[in-house]
Amino acid sequence: MTDTDLHPLELALLRWLSGREQSSDTESIQGTGLDEGSYRRAAQWLLARGFAGTTLSESTYRVLPGPQGMDFLSKGNTPELALLDSVNNGVHSLQQIQEDVRFDKGQWGSAFGALVRERVLGGTPSEIQVVDRTGGVFREVWDGIYKSMRDGREIWLDCLDARLREFVLSRAPKRGKTGAEFIVEERTEATLAITDEGRKALSLAGERKTIGALTREILASEEWRNGTFRRYQVDIPPARIHAGRLHPYGCFLDRVRAKFTAMGFEEMTGPLAESEFWNNDALFMPQFHAARDIHDAYYLEEGASVEAPEPGVFERVARVHRDGGDTGGRGWEYDFSPEKTLSTVLRSQGTALSARALAANPNIPGKYFGIAKCFRYDQVDATHLPDFYQVEGIVLGSGINFRHLLGLLKLFAEEIAGAESYRYVPAYFPFTEPSVELHVKHSVLGWFEMGGAGLFREEVTKPLGVNVPVIAWGLGLDRMALLAMGLSDIRDLVTPDLARLRGMTVKPDGLLGRKV
Amino acid sequence: MPKIEASLSDLLRLALIDDPESLAERLEPLKAELDGMDGDTVKIELNDTNRPDLWTVEGVARGLRCWEHGAGRNLESMPGPTREILVHKGLEGVRPFIASFVGRGPALGEKGLAALVGAQEKLCATMGRERRTAAVGFYRLKGIEFPVHYRAVPPGTSFRALGTDREMTLEEVLANTEAGMKYAGLLKDFEAWPFLVDDRGTPLSFPPVLNSEGTGRVAPEDGDLFCEVTGTDLHTVQLLATILACDLEDRGASIEPVRVLYPGGNAVVTPVIHADTLTAGLGSITEITGLSIPGSDLPGLLGKMDYRRVTVDGGKVTAVMPPYRRDGIHPRDLVEDITIAYGLNRIEPLLPGDYTLGRASADSMLASSVKLLLVGAGCEEIIRPVLTSAQKITEQTLTPEKPVSILNPMTAEYSVVGNTVLPCLLEVESVSGHAAFPHRLFTVGEVLVRTPENRLQTRWDLGVATAGAGMDFGSAHSLLGLLAHGRGLELKLAACDDSRFIPGRCARVFLEGIDSGVVGEFHPQVLTAWGIPVPVSGFEVNLEALRG
């Protein structure tokens with residue numbers, strides 16, 4: 001690498017080194033005025049690039065008080081000297097001394113052992129005798145080490161005489177420093193010298209100014225023509241930006257919407273709160289039949305009402321429940337309750353939108369879809385949300401039949417799920433006949449039930465004023481949404497945790513449909 | 001959807017099937033799903049809520065059998081009735097209807113008895129609405145002296161109920177037995193209760209609660225049985241008796257009918273042989289299915305679905321439904337069964353040929369445009385459920401208007417429908433203190449509000465919140481300004497008082513002169529209630545007002 005650009009830190013240190021034969025770390029830090037961290041980085045870079053070399057590197061050892069030593073300093077005494085004092089003052093058994101609470105019992109015990117080993121004391125624990133009244137090495141340690149520490153002087157291991165050095169080392173463990181009396185700290189002091197390459201780089205740097213950030217001034221003065229651009233380290237991770245963005249689940253639903261509009265469907269919308277009329281009765285679900293249990297609904301507070309259906313439609317729906325009306329069937333044969341039909345529920349199925357669309361003079365031929373928020377009476381858990389989206393729709397036209405319904409489902413399997421394979425399974429829905437379920441084989445999810453469909457019964461279409469065949473279909477999108485977002489718990493689709501949300505990827509282009 | 005559990009070997013034997021691996025696929029024409037298999041236990045989910053005949057082992061087996069071997073002959077060889085049940089006065093408002101039959105056959109065996117008990121419980125719980133509309137009782141035939149009497153008796157009447165060791169009054173049975181406590185609610189409003197005794201006065205049962213200990217205890221060795229169904233709905237009572245008679249017949253019993261005499265003189269022979277006849281034009285079959293199925297194929301196809309007496313004549317097909325089915329209420333129902341028998345996966349799919357114009361709704365398009373303006377301003381979109389709690393909307397956020405509440409909530413956490421989207425954003429702030437600040441959040445969501453006439457109205461609202469150091473009134477105001485400018489709308493603020501915001505730092509939002517929402521700096525009381533450690537400002541406007 002012929003690169004001779006210098007970072008400002010390198011430049012500062014190289015300039016300092018060029019003025020002298022060599023310089024120790026301490027001298028260089030003082031001389032350049034750099035803080036220690038910056039100095040060490042600059043030194044490392046220069047050494048790595050061969051612009052400086054090490055001429056000398058030596059270790060020195062400093063003695064510092066450990067936690068126990070700090071404790072002795074604050075108490076003004078070591079257990080050995082305190083024990084010796086007591087014995088000098090007439091106490092003769094270890095047991096008596098251990099009642100002195102200045103030090104722990106154990107410390108008195110080990111101090112006695114140490115004093116005996118060093119021949120300061122003699123005798124037995126119950127009959128202690130003094131051998132050396134001065135305290136021997138223990139006194140020397142206090143006077144030569146602790147007192148200096150107390151006065152804030154630095155103590156270098158090499159400056160101590162051999163006896164004290166040995167004592168300090170014996171009480172400065174390499175591990176388990178939390179209980180140590182002394183800590184010995186190693187410091188490496190290197191001495192650096194500039195190399196020929198370093199001088200070359202320095203002289204080049206003197207000729208050309210190094211440019212960091214490009215500024216308006218540098219551009220205006222054309223100073224950059226005489227400078228070199230400092231090279232940036234480009235392979236580090238980028239700084240994070242928290243940009244504004246759409247919700248991944250919203251993107252998924254938008255993608256679904258785009259798919260259906262591309263297939264020629266017009267979007268329907270409708271209210272969250274529905275009368276039972278639109279939610280169930282218009283769909284020919286008998287009021288007192290077990291079929292109603294499969295759509296257990298949330299009922300809304302007394303007094304809160306929604307608009308009643310227009311009387312003509314109301315009467316035709318009531319009649320088809322009672323006796324089949326003019327549909328050619330016999331109906332459910334019961335007393336249709338005009339009160340129950342007006343109770344207010346939260347929409348339990350997106351098909352309510354289709355019922356409303358049929359009653360609102362739809363286009364014929366026509367295709368409609370709705371992404372409807374629905375409410376199901378279920379415990380909230382990893383697979384159930386209190387409210388969730390269903391995609392539902394209808395296709396109307398004279399000449400529409402069951403084969404078209406199957407064709408549409410095949411299209412959905414390929415376009416929406418990107419299915420590898422699919423099959424049709426007989427199904428039951430109160431409002432369609434014949435009915436069918438679409439099972440698809442997905443490359444990741446395997447076989448799953450993607451949705452249900454059927455031809456609306458005449459008991460649904462005729463009372464709403466529609467006299468052509470109508471295909472009705474509904475798709476569950478939750479599993480595909482979770483897959484698209486890389487999630488496994490449905491509650492995460494609507495997480496309130498912003499950090500989690502920011503961690504989700506958004507790739508709407510890859511969310512749905514046929515593999516290209 | 002009803003689910004049943006059955007003995008796999010029993011099911012396969014009755015269905016005449018010897019390859020259990022094919023079961024899942026074979027169940028499809030019955031709209032049934034294999035829900036699990038464990039040893040000899042098989043779980044099946046039945047999706048057709050109008051086919052109670054399929055909610056028993058025998059019913060599923062029958063469906064599978066007919067698919068391979070054609071229509072059966074259930075109840076076609078019954079003799080005339082020789083036994084009677086007399087219905088006495090006093091049951092009119094209580095539990096007026098009864099249907100019954102006798103089955104004579106080989107010993108039930110352990111599996112047969114388990115299946116019978118399973119069928120009884122499943123049908124009483126579902127079709128019988130927890131025994132209210134119908135409840136079933138089985139007895140050993142031996143020792144019952146006909147006619148049997150169905151009476152209304154005082155609660156002080158006593159008998160020895162199944163599983164008890166002494167005689168108790170009916171009142172004591174309700175108070176002291178498990179079944180009594182469970183079903184007491186069905187009788188507590190009446191002064192006289194249903195009671196079934198034979199002609200000698202021997203108690204048979206206390207419908208719909210418990211059989212008697214004695215004839216009411218059926219064992220695996222028993223083969224001759226007496227069955228009755230009582231209830232409040234005549235159709236359900238009769239249909240259940242017919243279904244159970246067919247089930248027992250499929251286990252080898254011969255069914256003998258019982259004549260029921262009602263107080264007014266009406267006599268009904270049960271089990272009723274329902275024979276609903278359905279007729280469909282061959283043209284209408286083609287119209288609905290898109291298929292041209294030769295008329296000569298129809299008897300075979302309908303035989304797979306257990307239809308009887310299929311005739312094709314004069315461009316029409318006529319067929320009689322099996323006696324256990326009453327769900328054919330329109331010619332279309334016949335067409336569906338033909339389609340299923342034909343095989344859905346044999347049909348070639350076809351795309352609708354008509355040209356139609358695809359279009360997103362005006363609301364969706366408006367929401368998309370508004371979202372893009374906010375994303376450009378660095379805002380992050382939030383999506384939260386519509387259901388929430390009064391605690392969050394009223395007590396923590398101090399929203400002045402009360403939300404609409406749910407009469408039958410499952411949990412307090414989801415007991416009201418949101419009437420504002422701001423609590424959703426505050427909830428995000430309450431759990432997102434660890435996400436790098438500042439936060440600029442928005443949500444576009446449906447809310448449910450009341451009109452002055454207390455009509456419920458669904459509205460799309462846009463909520464925006466800014467949170468973090470320095471996120472004061474101005475931070476929300478400027479985003480509002482951006483929207484108004486971006487949509488080309490005149491924005492005016494009118495200072496107001498609102499419990500959610502700091503006094504003097506909130507205003508009503510007027511877009512094109514119309515009051516469209518509120519903007520402000522959230523009150524520390526609100527932030528404290530949510531446990532939010534930083535200042536938050538925000539606004540909520542009616543999305544429609546941004547259309548301009």
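How many residues of chain A are in contact with chain B, and how many residues of chain B are in contact with chain A? The legends below start there, and please keep in mind that this is a predicted model.

**View 1. Where chain A meets chain B.** Here 81 residues of chain A are in contact with 79 residues of chain B.

**View 2. The largest nonpolar core.** This core holds 235 residues. The members that touch the most others come from both chains: Leu438(A) and Ile471(A), together with Leu240(B) and Val464(B). Helix α7 of chain B, residues 234-250, supplies the largest share of the core, nine residues. As a general background, nonpolar side chains tend to be buried together in soluble globular proteins.

**View 3. Around Ile471(A).** Zoom in on Ile471(A), one of the residues that touch the most other members of the largest core. Leaving aside residues up to four places away in sequence, Ile471(A) touches Ile394(A), Val395(A), Ile400(A), His404(A), Leu405(A), Leu408(A), Ala453(A) and Leu455(A). Another core, of 25 residues, lies apart from the largest one, and its members include Val63(A), Leu83(A), Leu84(A) and Val120(A).

**View 4. Chain A on its own.** Chain A has 19 helices and 17 strands. Its C-alpha atoms fill a box of roughly 125 × 80 × 45 Å along the principal axes. The radius of gyration of chain A is 44 Å, whereas a compact globule of 516 residues would have one near 24 Å. Of the 516 residues in chain A, 38% are buried. Among contacts in chain A with a separation of 6 or more, 68% are between residues 24 or more positions apart.

**View 5. Chain B on its own.** Chain B is more spread out than a compact globule, because its radius of gyration is 33 Å, well over the 24 Å that the globule rule gives for 548 residues. The C-alpha trace of chain B spans about 90 × 65 × 50 Å along its principal axes. Buried residues account for 48% of the 548 residues in chain B. Taking contacts in chain B between residues at least 6 apart in sequence, 70% join residues at least 24 apart.

Key: Residues numbered from 1 in each chain as written. Chains lettered and ligands numbered in written order. Core = buried A, V, L, I, M, F, W, Y, C linked by C-beta atoms within 7 Å. Buried ≥ 20, exposed ≤ 12 C-beta atoms within 10 Å, placed from the backbone. Helix = DSSP H or I, 4+ residues; strand = E, 2+ residues; numbered from the N terminus. Contact = placed C-beta atoms within 7 Å. Rg over C-alpha atoms; globule rule 2.2 N^0.38 Å.
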